[in-house]
Amino acid sequence: MNPLLFHVVDLLAKSAGIVLLAFATLSLWRSASAAQRCAVWLAAFFVLLLLPVTLLWQPQWSIALMPSVREVPLPALNGAITQSASNLTVQAAQPETQRWLPSLSMAQWLALVWLTGLVCLLAHRMVGSLQLRRLRSQSHPVQDERTLALTARVAADLGVERGISLRMASSVSVPLTWGWIKPVLLLPTEALAWDEAHLEAALRHEMGHIRHCDAMTRLITCFITAAYWPNVFVWLAAKAWRTVQEQAADDLVIRSGAVAENYALQLLEAARSVQAAGGLRAPAMAMAQPSTLETRLSAIMDDSRNRSSYSMRGALTGLATAFAVLVLCATAQLRGADEKTAQATTHSSKLRDKAREIILTKVKFSDTTLLQAVEYLQAKSIELDPEHKGLNLVIEKPDYEKGPRITLDLTNIPLYEALSYVASLSNRVVRYEALATVIAPMPAPGEMVTRSYKLPAGAAAKVDNARKWLDGKGVVFEGAASAALVANGTQLVVKNTQAQQRVVEDLISTLVAGDAGGPPGTAVPAAPAAPKSPLIVKAESIVIPTVQFRSATVPEALEFLRAKAREFDPDKKGVSILIRESDVPPNVNISLDLKTVPLTDALRYTAELAGLEVTAESYAFILKPKTAK
């Protein structure tokens, strides 16, 4: 899975956990007042706000989100499809079909969907802000002396020292307030005729929102909800917080001595007015909203309810809890088991890691020279590299005139794999160095090459003598071949032939999968049985109605199978079928007649008739001569 998807799942899982923790806290803390409940939600949304920053921290432990995906042989017919770590080649490219939608990876589509939702929600908020500006322009300042005097007295009683713009408009039916830098308190025109108790209750409720800075927190909540919009738990938390904000403002009214029954009737009448007017669409805090009325009326009429306000001790406790949750979120991160294994087995070179992370949506070469292919991949590496530095590809000992031509057609493939195929088509190998990625000539069968391998934690303690340990695992050392542990035993450096290096690479991969290495001469623990790779699962699902060959050559048969794979694949992408030009058996004609057969079986029978064997790699099926048993 793309690492970006793991980060998205990580954020969604943690945000859901934070919200559920807040709900659980409030469920257990039944005696908490509305103001104290507001403090809990403030701490929860503070954690949600800073949660993405925790991805920048190095986790101390990780949670495997999905099992490691390995290449698994298909079930045997006459011949089996095995695994191989060698670099092989691709058959001739097929013409690209026209697409109505752009070719994007799954991660890019998910990012596009998330961004669309974010923009729509923020645009909705912006429209609401424009409605409030228009509403303010249609209002006028309050001139009534009784109302001004009562407003000043309530503000002094609540400790509201900020200047409030007290205005009046005939277009509203209930008191409203919005704005946290320059708060606006808007009254309906008929408020001038209200009795003093009725008007004071309305002013005290709206000034409670101003005192608690609810306009600011609701704006922050809007942005957080938009950022986490796929998470339904965040929406529920935002609604719960708005409800307790209204209850905290109601508590200020009841604590001032207002009669609970009279204030409840006042809210009921206000809610009816809002409902009769078609609801309030602007993002302002109205005195009554039908959606929260039932909960608020129940709290107002409850004489035993705790109506205390914020306390400094409670605020500090909530802040400390929020930081503790943030540290916990930074300490643990979800990631794939395959990603963890890849990080343990890859070379220490940053260029190799970068090549694995860069995903190419389309790689298509037709009778292309090595230089042209490398120039294209270099340009793509710069384009898709977040640092825009690329891999610094270098061709060692170039032979532009006599070099073989490259034909390649792959989709959604890591740059690391694309480079391996290009190098193999050119009879070359890829070597990752500190400052450059070198496309070097294929070493001679007996030529020595040096490679470095990163050992898993704890393995070095069991490998006291590197060469003796490898020799016990079947690695052959001849001539100048050698092996040594370096970097405090965390890295294994081996000098040997290319064939023996592949044996070492398979050994290290198995060692990491088992997360243990036995003492010299003992067998490496076998990895548990892994599920079929996505490539094999996909090939098994592609059923070809008729496969009929009459004295067809191997390239003709493989071209037919690739075309049928595209035709009967629901995604219309098919699978990649690869063969080295030198591995095509001469003077071999294939005759085959199959009905309603999976692509895997058709490919196996074709390979068997041609005297070949099939290997399943991560992104392609490979045909090559059978190895001696």
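The paragraphs below go through a nonpolar surface patch and then several salt bridges of this predicted model.

Residues are numbered from 1 along each chain as its sequence is written, and side-chain values use heavy atoms, with hydrogens and water left out. Since the model is predicted, local features need pLDDT of at least 70 and side-chain atom pairs count only at pLDDT 80 or more, whereas totals for chains, interfaces and linings use all residues.

On the surface, Leu 20, Phe 23, Val 232 and Leu 236 form a nonpolar patch, which together has about 330 Å² of accessible area (Shrake-Rupley method with a 1.4 Å probe; for residues, only the protein chains shown count as cover). Patches are made of residues with over 30% relative accessible area and no salt bridge, where nonpolar side chains (Val, Leu, Ile, Met, Phe, Trp, Tyr) are joined within 5 Å and like charges within 9 Å. At least two residues of the nonpolar patch come from each of helix 1 (3–28) and helix 7 (232–255); helices are DSSP runs of H or I with at least four residues, numbered from the N terminus. Phe 23 lies in helix 1, and its relative accessibility of 31% makes it partly exposed, a class that falls between buried (under 20% relative accessible area) and exposed (over 50%), with a 1.4 Å probe and protein chains only.

Side chains of opposite charge can pair when their charged atoms come close. With a salt bridge taken as a side-chain nitrogen of Lys or Arg within 4 Å of a carboxyl oxygen of Asp or Glu, the count comes to 18 salt bridges. One of them joins Glu 196 to Arg 153, with 3.3 Å between the closest N and O atoms. This pair links distant parts of the chain, as Glu 196 belongs to helix 5 (residues 196–211) and Arg 153 to helix 4 (residues 145–158), 43 residues apart. Glu 196 is partly exposed at a relative accessible area of 45%, and Arg 153 is partly exposed at 41%.

Another salt bridge pairs Arg 307 with Asp 251, the closest N and O atoms being 2.7 Å apart. Because Arg 307 sits in the loop between helix 9 (290–300) and helix 10 (312–331) while Asp 251 is in helix 7, the pair ties together parts that are 56 residues apart in sequence. Arg 307 is buried at 13% relative accessible area, and Asp 251 is buried at 3%.

A further salt bridge brings together the side chains of Asp 583 and Arg 580 at 3.7 Å, N to O. Asp 583 is buried, with a relative accessible area of 16%, and Arg 580 counts as buried at 17%. Elsewhere, salt bridges that share partners join Arg 153, Asp 157, Glu 196, Glu 200 and Arg 204 into one network.
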